[in-house]
Amino acid sequence: MKTLFTNPVLVKELKLRFRNLKSFTGILFYLIAMSVFVFGFIFLATSLTGNGFFRPDESFMLFSMMTYIQLGLILFITPALTAGTISTEREKQTLNILLTTSQTSFQIIFGKMTSSIAFLLLMIVSGLPIYSLVFLYGGVSPSQLLYIFLFYMLTLLAIASIGVMFSTLIRKTIVAIIATYGAMIFLAGVTAFFLLISVQVSQMGMTSPATTMSPIAHFWATINPPAVLLTLLQPPMEEQLQTVTLVPIPLWIGYTIFYVLLTAGSLLLAVKKLRVNMNKYK
Amino acid sequence: MIETIGLTKKYGSFYALQDLNLVVEDSTVFGFVGANGAGKSTTFSILATLLQPTAGDTFINGMSVTKNPQEVRKQIGYVPDFFGVYDQLKTDEYLDFYGASYGIKPKERAELIPKLLELVNLENKRYEYVDLLSRGMKQRLCLARALIHDPKILILDEPASGLDPRARVEMRDILRELKAMGKTILISSHILPELAEMCDSIGVIDNGKLIAQGSVADIQAQLQSEKVLRVKIIGDMQAVVSFFEMDPFVSQLVELQGKNTLQFFYRGSEEDQLQLLQRAIQQKLPILSFSEEETDLEDVFMAITKGVEIG
């Protein structure tokens, strides 16, 4: 832990990020938008339905919607925060100097990624008081909230790693950002489309319920964040999916394995490619 | 000590650096001179572990740059030709960040930073934002940054480029001070006189090849073995051109536009030069004057790197 907070790149990045007014206005607007959404929803549910009270099932619906909004936030903001970490240094001509210091490539990459994630985490944590309003009305268990936060962490880490990797491999920030958004759209959107296609294909000419296993459909569901989030929010959806794919493995297990590997692979590649391999020609 | 052995860098079929053999002794200042694109920055990038050579190797205090880059980084302080700074960092924070990057403890850094700022005459800019400093100040700050881990070797790529005359003088004074401190300094420039007075030895690089190496006086003598001669003509220019082109000691003959004058490099001795003139007179060539051009160190450098016309 001490090493984490003495990482020079991390300390410097945090200093630079929090000296920037944009960081605070970003959080302010995020909280305003979230408050308007939550209080608006509660207002509509209590006054317009004529009941005068907020039911636990409505509270759960609000929680689910907010959870998806947070996921959207992670998916859309993480690439923008991470895909420029190394390439911006390169463009500003500060990278060469940094690379001649005695910091290891891992320290540099780790410091860069952690500082970007720290900002996003601050954003999520700052929204917690608004988020926790749903507990006032019941319908959501604290353990469910914990699982969802762990899910957020893993998703955030994976996308941040992809962003840092592209930022290291690609010279121009704009191209690195596009590549990271491309990867994010593939993981969150294209896999959902492939899931639908593979479910359709596996069910062709069959009567319900399914009789043959469809691991491909299960795989696409496993790596799709919105699908996994759905099974965390609504566990019966998991059983429903299993009746279609006949694969008895919970989605979160595959998701964890896949995204941990993706994170490790991306970081490893970024660390390896940050500096030239001086001995390569030998 | 810095030693490069057969250092080569190739991009496709283009040689940015070809078989560079160089030795820089401890506590000396070595000037690396060459036109833009000659291979100076490529050499420095390899020395700074930023570029991988195609062949050969470099040793910094006996450590191979290709086999032991992490250790080499601790031994060198590198100032690139172009560099940026982090906006929104103050001068002392900038140095503190790099001090931490070299693993220097916070207490030591706090003692070191004022001393370094004093060395580069920036003590009154300690709490100013780095991006608000002038180019000359940034250059000096970058030099202080390169010194933060007290390296034995300094690699300075065009440290005076883009500076106004006053900033150049200030930079030169600091380098003199560093030389007095016993640092081994490898410094590049495309302007030879800029380096001549402060260097113990210099190397001239052209098209990726080291074409001369030695003390400033040696290099000057070596390069000045080629004289520049000027011949003013009245009448048939072509006959005179043909005559001089035939001489084996004449090279790079050019006609100075609108001046009825020929100019060329001459490698022969004074006796050869006398005979050349006598032959020209015997052949009754329309020569009005025959003179040796005054050349300074800069002209000689330009001559050997075949850059531009002299005069």
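This is a predicted model: local features need pLDDT of at least 70, side-chain atom pairs count only at pLDDT 80 or more; totals for chains, interfaces and linings use all residues.
Some ground rules. Residues are numbered from 1 along each chain as written, and chains are lettered from A in the order written. Local features need pLDDT of at least 70, side-chain atom pairs count only at pLDDT 80 or more, totals for chains, interfaces and linings use all residues, and side-chain values use heavy atoms, without hydrogens and water.

Now the aromatic rings. How many aromatic pairs are there over all chains? The search finds 26. Rings of Phe, Tyr and Trp (its six-membered ring) pair if their centres lie within 6.5 Å; planes under 30 degrees apart are stacked, over 60 edge-to-face, the rest tilted. A:F60 and A:F63 have ring centres 6.3 Å apart and planes at 40°, so this pair is tilted. Both lie in helix α4, three residues apart. A:F63 is buried at 0% relative accessibility, and A:F60 is buried at 15%; buried means under 20%, exposed over 50%, partly exposed in between (1.4 Å probe, protein chains only).

A:F186 and A:W220 make an edge-to-face pair, 6.4 Å centre to centre, with 80° between the planes. This pair links helix α11 to helix α12, across 34 residues. A:F186 is partly exposed at 33%, whereas A:W220 is buried at 17%. Both belong to one aromatic cluster, whose members include A:F149 and A:Y259.

Technical notes:
Helices (H or I, at least four residues) and strands (E, at least two) are DSSP runs, numbered from the N terminus.
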